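Subject: Structure handover

Hello,

Here is the structure I said I would pass on. My notes on it come after the coordinates.

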Amino acid sequence: MSSATCSPARTEAFFSRPALEVAADLLGSRIVGGNVVVELTEVEAYAGEADQASHAYRGPTPRNQVMYGPGGRVYVYFSYGMHHCVNLVCERPGTASAVLLRAGVVVSGLDEARGRRGDVADAALGRGPGNLARSLGATVADTGTTVWQGPLRWAPASVSRPFRTGPRVGVSRAADVAWRLWLADEPSVSTYRRHPKAAPAPA
């Protein structure tokens with residue numbers, strides 16, 4: 001695929017769609033943070049106030065305000081006091097929606113990514129949302145920036161690749177909504193872990 005970015009107008013239009021549509025098209029695209037380039041292999045869609053697992057389910061707050069803005073903005077939150085998670089805002093202004101970047105392959109800047117992650121296998125550098133954010137150097141300071149002018153830049157995929165869908169990871173509500181998408185047979189994809197407080201999976 002090409003690592004060339006789209007124009008701001010085309011990029012905002014790409015993200016100004018429902019999260020599930022954007023999520024499918026994000027697979028195989030790239031995120032650039034400094035010298036590190038990551039090809040996305042796993043994402044997770046969230047549908048705002050209509051989605052019990054979304055940060056915006058109970059309405060706007062100071063933390064999730066960016067989710068209500070225009071598409072193509074970055075939303076980074078600090079999870080469990082341990083790691084950052086990068087989300088890309090979708091939909092039109094006023095409709096909170098986002099896609100969580102769950103995993104990716106570092107295709108450039110391996111030394112820089114490993115300096116942040118430690119001595120781990122290449123496939124593990126961006127496996128899981130916290131590790132992906134760390135490899136990119138993403139923090140909450142990136143929240144509200146755009147993916148065409150901010151520190152995290154997005155470049156579209158040139159071809160579509162086969163992907164699978166399944167329940168989202170680590171959420172206690174709406175745990176069986178199959179809005180996690182990942183590229184088939186990709187070793188960087190994270191392991192599925194059901195939240196211990198989620199209702200039992202349907203038989």
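This is a predicted model: local features need pLDDT of at least 70, side-chain atom pairs count only at pLDDT 80 or more; totals for chains, interfaces and linings use all residues.

Helices

In helix α2, residues 19-26, the buried positions are Ala19, Val22, Ala23 and Leu26. They lie on the same side of α2, because the arc they cover around the axis is only 105°. Their packing partners are α1 (8-15), β2 (36-46), β4 (83-89), β5 (98-108), β6 (152-155) and β8 (180-183). Glycine 28 follows α2 and has a positive phi, near 90°.

Helix α4 spans residues 129-136, and six of its eight residues are buried, so the rest of the structure largely encloses it. The buried residues are Pro129, Gly130, Leu132, Ala133, Ser135 and Leu136. The elements that cover them include β1 (30-33), β2, β4, β5, α3 (110-117) and β6.

Aromatic rings

There are four aromatic pairs in the structure. One of them is formed by tyrosine 75 and tyrosine 77, which are tilted, with 5.7 Å centre to centre and 45° between the planes. Both tyrosine 75 and tyrosine 77 are buried. Phe14, Phe15 and Trp154 make up one aromatic cluster. Arginine 17 sits over the face of phenylalanine 14, 4.7 Å from the ring centre. Over the face of tryptophan 182 lies arginine 180, at 4.1 Å from the ring centre.

Salt bridges

The whole structure contains 13 salt bridges. In one of them, arginine 180 meets glutamate 42 at 2.9 Å, N to O. This pair links distant parts of the chain, with arginine 180 in strand β8 and glutamate 42 in strand β2, 138 residues apart. Arginine 180 and glutamate 42 are both buried.

A salt bridge also joins aspartate 122 to arginine 114, where the closest N and O atoms are 2.4 Å apart. Aspartate 122 is partly exposed, at 43% relative accessibility, and arginine 114 is partly exposed at 22%.

In the salt bridge of aspartate 185 with arginine 164, the closest N and O atoms are 3.8 Å apart. Here aspartate 185 is in the segment after β8 and arginine 164 is in strand β7 (residues 163-166), 21 residues apart. Aspartate 185 is exposed, with 70% relative accessibility, while arginine 164 is partly exposed at 43%.

Regards

Note on methods
Residues are numbered from 1 along each chain as its sequence is written. Side-chain values use heavy atoms; hydrogens and water are left out. Buried means under 20% relative accessible area, exposed over 50%, partly exposed in between (1.4 Å probe, protein chains only). Helices (H or I, at least four residues) and strands (E, at least two) are DSSP runs, numbered from the N terminus. The arc is that of the directions from the helix axis to the C-beta atoms. Contact means heavy atoms within 4.5 Å. Rings of Phe, Tyr and Trp (its six-membered ring) pair if their centres lie within 6.5 Å; planes under 30 degrees apart count as stacked, over 60 as edge-to-face and the rest as tilted. A charge sits over a ring if NZ of Lys or CZ of Arg is within 6 Å of the ring centre and within 35 degrees of the ring normal. A salt bridge is a side-chain nitrogen of Lys or Arg within 4 Å of a carboxyl oxygen of Asp or Glu.
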